[in-house]
Amino acid sequence: MAVTTFASPPWWRIAVALIVVPLVASFAYAVYSPAYQGLPDMMERVVQTTAVVAFFGAYPPTVVLGIPLILYFRGRVGASLANCAMAGASVATFPWLCLTVFFGPDKAYTNDHITYENGMMTWWGLLETTELLAEIAVFGIAAGGLFWLVAAAGIKRQPVEKCLNSGSRYRAEHPIIRCLSARLSGL
């Protein structure tokens, strides 16, 4: 029986996914919640909101959090739909979680409910924050699913020998692969 390892998607598919997925997720969020910037046309509002969300809310977390996660988990964890969806939710939600926890106004309210009082978040503010983070997490899950569809769909597990002979320097140096390779050569 051949020993299997986690196959990784090719770099070109990952690069395409890193470029396309944040833009599509930004567009989906802009359609869901377009910002009113004094623009009369709905299409123009969606396009402007897409640009703002993409360049301030989607691409920076993708570069700062997503790329290091990909580099760390590549070859260590299988690129399944569930893994990509949870990573997408984490990458999308983490910056907003940090902003709401560490930075807040002195006093704020929403719909006649006080959300911040004397620099501290109230219960209503916690409810509003939880709702916002859940909304962002849903879009992150969808973006992670799209990332899997673009980058990793159709990637199968392959035998260790195939991984070692593929010219991948990283896999050949991995301690688990070296151990498995030594055991297989002793058979």
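Predicted model: local features only at pLDDT ≥ 70, side-chain atom pairs only at ≥ 80, totals over all residues.
Local features were taken only at pLDDT of at least 70 and side-chain atom pairs only at pLDDT 80 or more, whereas totals for chains, interfaces and linings use all residues. Residues are numbered from 1 along each chain as its sequence is written, and side-chain values use heavy atoms, with hydrogens and water left out.

The secondary structure of the protein chain comprises seven helices and five strands. Here helices (H or I, at least four residues) and strands (E, at least two) are DSSP runs, numbered from the N terminus. In order from the N terminus, the elements are β-α-α-α-β-β-β-α-β-α-α-α. Of the 187 residues, 31% count as buried, where buried denotes a relative accessible area under 20%, exposed over 50%, and partly exposed in between (1.4 Å probe, protein chains only). Among contacts (heavy atoms within 4.5 Å) between residues at least 6 apart in sequence, 66% join residues at least 24 apart.

Three strands form an open antiparallel sheet in the order β2-β3-β4. The edge strands, β2 and β4, each pair on one side only; two strands are taken to pair if DSSP finds at least two bridges between them. Strands of a sheet pair through backbone hydrogen bonds, either parallel or antiparallel. Strand β2 (residues 108–110) is joined to β3 (residues 113–117) by three bridges, with T110 partnered by H113. Two residues lie between the strands of this hairpin, in which N111 adopts a positive phi near 50°. Strand β3 is in turn paired with β4 (residues 120–121) over two bridges in the antiparallel sense. In this pairing E117 stands opposite M120, and Y116 stands opposite M121. The hairpin of β3 and β4 also has two residues between its strands, and N118 there has a positive phi near 55°.

A nonpolar core is defined as a set of buried Ala, Val, Leu, Ile, Met, Phe, Trp, Tyr and Cys residues joined through side-chain atoms within 4.5 Å. The largest such core holds nine residues: I14, A17, L18, V21, I70, C84, A143, F147 and A151. Two or more of its residues come from each of α1 and α4, and α1 gives the largest share, four residues. Leaving aside neighbours within four places in sequence, V21 contacts A143, L146 and F147.

Pockets were located on a 1 Å grid over the protein atoms alone, as open sets of points where a 1.4 Å probe fits, with protein on both sides within 12 Å along at least five of seven lines; lining residues have an atom within 4 Å of a point. Grid points are joined across faces, edges and corners, and a volume is the space filled by probe spheres set on the points. The largest pocket has a volume of about 1,000 Å³. Its lining consists of 43 residues, of which A87, G88, V91, A92 and A143 lie nearest the centre. Elements giving two or more residues to this lining are α1 (11–32), α2 (42–73), α3 (81–102) and α4 (123–152), and the largest share, 11 residues, comes from α2. By type, the lining divides into 31 nonpolar, 11 polar and one charged. In this division Ala, Val, Leu, Ile, Met, Phe, Trp, Tyr, Cys and Pro count as nonpolar, Asp, Glu, Lys and Arg as charged, and the others, Gly among them, as polar.

Helix α2 also contains V52, which is partly exposed at a relative accessible area of 40%. Residues up to four places away in sequence not being counted, V52 touches Q37 and G57. The C-alpha atoms of V52 and A35, 17 residues apart along the chain, are separated by 9.6 Å.
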